[in-house]
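Here are my notes for you on this one. Have the viewer open as you read, and click on each residue when it comes up.

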Amino acid sequence: MAASSHTRPAREAPPPQEILADGASGASIDPADVARFSAQAAEWWDAKGPFAPLHKFNPARLAFVRDQAAARFGRDIRARKPFQGLSLLDVGCGGGLIAEPMSRLGFNVTAIDASAENIGTARAHAGPQGLPITYRAATVEQLEAEGAGPFDVALTMEVIEHVRDPEAFIRTCSRLVAPGGLMIVATLNRTLKSLALGKVAAEYVLRWVPAGTHDWRQFLKPDEIRLMLSHEPVAVEGPFGIAYDPLSDQWSQGVDADVNYMMVATRD
């Protein structure tokens, strides 16, 4: 990543390409992060386990994706499968918490993850439900090299803060979007508030996620994502904040983007 791209602290230079034993390969892979999530793979669908915060977070982000896609493609969300005929790529799909509801909404879903353990969990959960999701242990670099896609919608939800080269990663994701399509990026802001709430409180006080899940230095400011995509033929909107209300114990979209937020990139 060019030093002038943004002010985010530089990480140690990665080797040209990381190759994991499961077949996923690409310069964006951070083996330590992949190993961390692989070790918890069997617990993705345990609503009271280490991914409990994502289960609570999911309704808000799913509603955002649904509404953005409906507006972009002129679909009626009241229809049984409003996105029938459209393709969706879920990057860093984990155990399938987003891929499954997107499939139920009618999308033709391809879901990838660098962890073969995550993919195994996702396949095992989707199989008995008859959901026609294409799961692969792969990276966006592999998909681009294979000429996969393009996809009407690309999602990268809480992934970019875990990759080695966020600029190369997000630009590659954007190139997998079809003309007229959109990409949604969800991540955490690099602010003092996110350090206090998204890192210290979430990991060490509330114990929402295991300690060490996040490196605050890898969080990205919205303008940094905008700058990363400035050389790609996409229009970027956002940030769209999403915040937790402890009184209702629910997440909802709002104006506060100091901790969690989403960006939308549309390709002409």
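1. Start with helix α6, residues 166-175, in what is, keep in mind, a predicted model. Its buried residues are Pro166, Glu167, Phe169, Ile170, Thr172, Cys173 and Ser174. That makes 7 of the 10 residues of α6, so the helix is largely enclosed by the rest of the structure.

2. While you're there, look at Cys173. How many disulfides does the structure hold? The count is 0. In case the term is new, a disulfide is a covalent bond between the sulfur atoms of two cysteines.

3. Now go to α4, residues 116-126, where the buried residues are Asn118, Ile119, Thr121, Ala122 and Ala126. Why do they sit on the same side of α4? Because they cover an arc of only 160° around the axis.

4. Next up is α2, which runs over residues 52-73 and includes Asn58. Is Asn58 buried or exposed? Buried, because its relative accessibility is 8%. Leaving aside residues up to four places away in sequence, Asn58 touches Leu97 and Ile98.

5. Stay on α2 and find the aromatic pairing. The structure has 3 aromatic pairs by the ring-centre rule. In one of them, the rings of Phe64 and Phe240 have centres 5.2 Å apart and planes at 55°, so this pair is tilted. The pair ties together distant parts of the chain, with Phe64 in helix α2 and Phe240 in strand β8 (residues 234-245), 176 residues apart. Phe64 counts as buried because its relative accessibility is 3%.

6. For background, most residues other than glycine have a negative phi, and most peptide bonds are trans. Which bond is cis in the stretch around Pro150? The one from Gly149 to Pro150, with omega near 0°. Pro150 belongs to the loop between α5 (140-146) and β6 (151-157). Another cis peptide bond joins Gly238 and Pro239, with omega about 15°, and Pro239 is found in strand β8.

7. You'll find Glu158 in the loop between β6 and α6. With a relative accessible area of 17%, Glu158 falls under the 20% cut-off, so it counts as buried.

8. Finally, zoom out to the whole protein. There are 8 helices and 10 strands, and 53% of the 268 residues count as buried. Take the contacts between residues at least 6 apart in sequence: 69% of these join residues at least 24 apart.

Conventions: Residues numbered from 1 in each chain as written. Predicted model: local features only at pLDDT ≥ 70, side-chain atom pairs only at ≥ 80, totals over all residues. Heavy atoms only, no water. Buried < 20%, exposed > 50% of the residue type's maximum accessible area, 1.4 Å probe, protein only. Helix = DSSP H or I, 4+ residues; strand = E, 2+ residues; numbered from the N terminus. Arc of directions from axis to C-beta. Contact = heavy atoms within 4.5 Å. Phe/Tyr/Trp six-rings, centres within 6.5 Å; stacked < 30°, edge-to-face > 60°. Disulfide = S-S within 2.5 Å.
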